[in-house]
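Here's a quick tour for anyone meeting this structure for the first time. Have a look at the sequence and the model, then read on.

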Amino acid sequence: MKILQVAPPWIPVPPEGYGGIEWIVHWLTAGLVERGHEVHLIAAGDSRSPAPTRSVMSSDPERLFEHVLPDVLQGLEAVEAAEELEPDLVHDHTLIGSVGLSGRWSYVTTAHGPTDGWFGRFYERLSRRGHVVAISEAQRASAPRIAWAATIHNAIDVGSFPLSEGDRGFVTWLGRLAPEKGAHLAIEAARRAGVPIVLAGRVSDGPEAAYFEREVRPRLGDDASFVGEVDEEAKRQLLLDARALLFPVDWEEPFGLVMAEAMACGTPVIAFPRGAAREVVEHGRTGFLVTDVEGMARAIGAIGELRPEDCRASAATRFDVSMMVDAYESLYRRIAAEPRRRGLGVRGRG
C-alpha cells in the first residue's frame, strides 16, 4: 500500500526527549516500511525516518506549542502531499489536518489525547467522515458517541529496552510537568514510604511552569530530586535503575506509554486506576493500582513481591511494536477495500 503518515509539527520523529506521539509515528512508519509498504511522512524538519519526509519548519517546541499556525501549515502540506502522491490511505496524528484530509481520501486518525469536552465533539464529528482509532478501551468507553473504528494500543520496541534485576534504591516519575500528571503526589508518596525519588520531565512555559514552581519545587530536597527533561538513553537508565515507576495521574489518561516502557525494563508501575492504567498494569503482577497517596506509599513497600521478568513478559506480549503494526496494517487494508467516492466517506466499523 501507499500510505501517508502525518505527524504533529512541533517535535521531530523520533523525538530526542519528550514526545509520545512522535515515538508511535516513528515505530509505525518504520514497521510499515520494513513490511514493504510505500510510506511517506509529514513531520518536523529535524525528523529522521526510513520513509521520505516532508516538513514545513524545523523543530522548536518551546516557541511553537502555543501557536496554531504550525498545525495549519502542517495540514496544508499534508493535503498537497496527498494530492501529489494519491495514497491508498492517509493516517493523520494531528487535529487540524483532518479538515482538509477527511472525506477526500481513505482517512484514519488516532485519538492520542483527551476525548471529552470540545475534543469529544471534534472526534464525534470527524468519525462521520473518517475512521477514528482509540488507543485504549478506557478511552473508547469514555466517549461512546464517537463512532470508533478500532482500539489499537500504543506500543514500544520492547527488545530495545534492557532488563534489570539489580538492587534499586529509588523510585521515579517521568512525564510532562502538568498538574494532572501528579508529580507532587509522587513526591509525597515516596516521602511517606521513606524512599528517595528522582523526577524527570519537560516544564513548558505558562501553566506548567506555574505548577512546577507552586507544587513541585517546594517539595524537592535531599530525598526528591528533579533532573529536567532527559533524552532517550537517560530515560531508559532511570527506568532501569528505579525500584518502581509512580504514575499518580489525576485525569483519564488515554494510555501512558511510560508505563509500558517501565515494564519492559522489568520495573513495576504503581498507578492510580484512572484511564488506561487499569488495562496496562496487572495488579499484583506488574505493579499495583492504588487510590491515594497513602496507598501508593504502602505499595512502594510491597514492590519486592513482584518479579522483573513478569513485567517484561507482560510488555512483550501486550505492547510490543509488532502487535501495533499488525493491527494498523489490518485496519488499513479493511479501510482501503471499502467503497469510496471522493468527498464522501463510506465505511464500516470494527
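Val56 sits in the loop that runs between strand S3 (53–54) and helix H2 (61–64). This is a predicted model, where local features need pLDDT of at least 70, side-chain atom pairs count only at pLDDT 80 or more, and totals for chains, interfaces and linings use all residues. Residues are numbered from 1 along each chain as its sequence is written, and side-chain values use heavy atoms, with hydrogens and water left out. Helices (H or I, at least four residues) and strands (E, at least two) are DSSP runs, numbered from the N terminus.

**Surface patches**

- Val56 is partly exposed, at 31% relative accessibility; the scale here is buried under 20% relative accessible area, exposed over 50%, and partly exposed in between (1.4 Å probe, protein chains only).
- Together with Leu73 and Leu76, Val56 makes up a nonpolar patch on the surface, and the three have about 230 Å² of accessible area together.
- A patch is built from residues with over 30% relative accessible area and no salt bridge, joining like charges within 9 Å and nonpolar side chains (Val, Leu, Ile, Met, Phe, Trp, Tyr) within 5 Å.
- The areas themselves come from the Shrake-Rupley method with a 1.4 Å probe, and for residues only the protein chains shown count as cover.
- There's a negative patch too, formed by Glu16, Asp46, Asp231 and Glu233.
- For charges, Lys and Arg count as positive and Asp and Glu as negative, while His and the chain ends are not counted; the place of a charge is NZ of Lys, CZ of Arg, CG of Asp or CD of Glu.

**Salt bridges**

- How many salt bridges does the structure hold? There are 29 salt bridges, each being a side-chain nitrogen of Lys or Arg within 4 Å of a carboxyl oxygen of Asp or Glu.
- One of them pairs the side chains of Glu84 and Arg54, at 3.0 Å from N to O. Glu84 belongs to helix H3 and Arg54 to strand S3, so this pair ties together parts that are 30 residues apart in sequence.
- Glu84 is exposed at 55% relative accessibility, whereas Arg54 is partly exposed with a relative accessible area of 25%.
- Another salt bridge brings together the side chains of Arg285 and Asp310 (4.0 Å, N to O). Arg285 is in the loop between helix H11 (277–280) and strand S13 (287–289), and Asp310 is in helix H13 (residues 308–318), so the pair ties together parts that are 25 residues apart in sequence.
- Arg285 is partly exposed, with a relative accessible area of 32%, but Asp310 is buried at 16%.
- The side chains of Arg307 and Glu309 also meet in a salt bridge, at 3.4 Å from N to O. Arg307 is partly exposed at 44% relative accessible area, and Glu309 is partly exposed at 34%.
- Salt bridges link Glu282, Arg285, Arg307, Glu309, Asp310 and Arg318 in a network.

**Buried spots**

- Is helix H10 (residues 257–264) buried or exposed? In H10, 8 of the 8 residues are buried, so the helix is largely enclosed by the rest of the structure.
- Among the buried residues of H10 are Leu257, Met259, Glu261 and Ala262.
- Lys235, found in helix H9, is buried with a relative accessible area of 12%. Lys235 and Ala262 are 27 residues apart in sequence and 9.7 Å apart in space, C-alpha to C-alpha.
- Gln5 is in strand S1 (residues 2–6) and is buried, with a relative accessible area of 0%.
- The side chain of Gln5 makes a polar contact with that of His93 at 2.8 Å. A polar contact is a pair of N or O atoms within 3.5 Å; within protein, one must be able to donate a hydrogen and the other to accept it, and residues adjacent in sequence count only if both atoms are side-chain atoms.

- Val13 and Pro14 are joined by a cis peptide bond, with omega about -5°. Pro14 is in the loop between S1 and helix H1 (20–34).
- Glu86 is not a glycine, yet it has a positive phi of about 50°. You'll find Glu86 in the loop between helix H3 (69–85) and strand S4 (89–92), and it is exposed at 59% relative accessibility.
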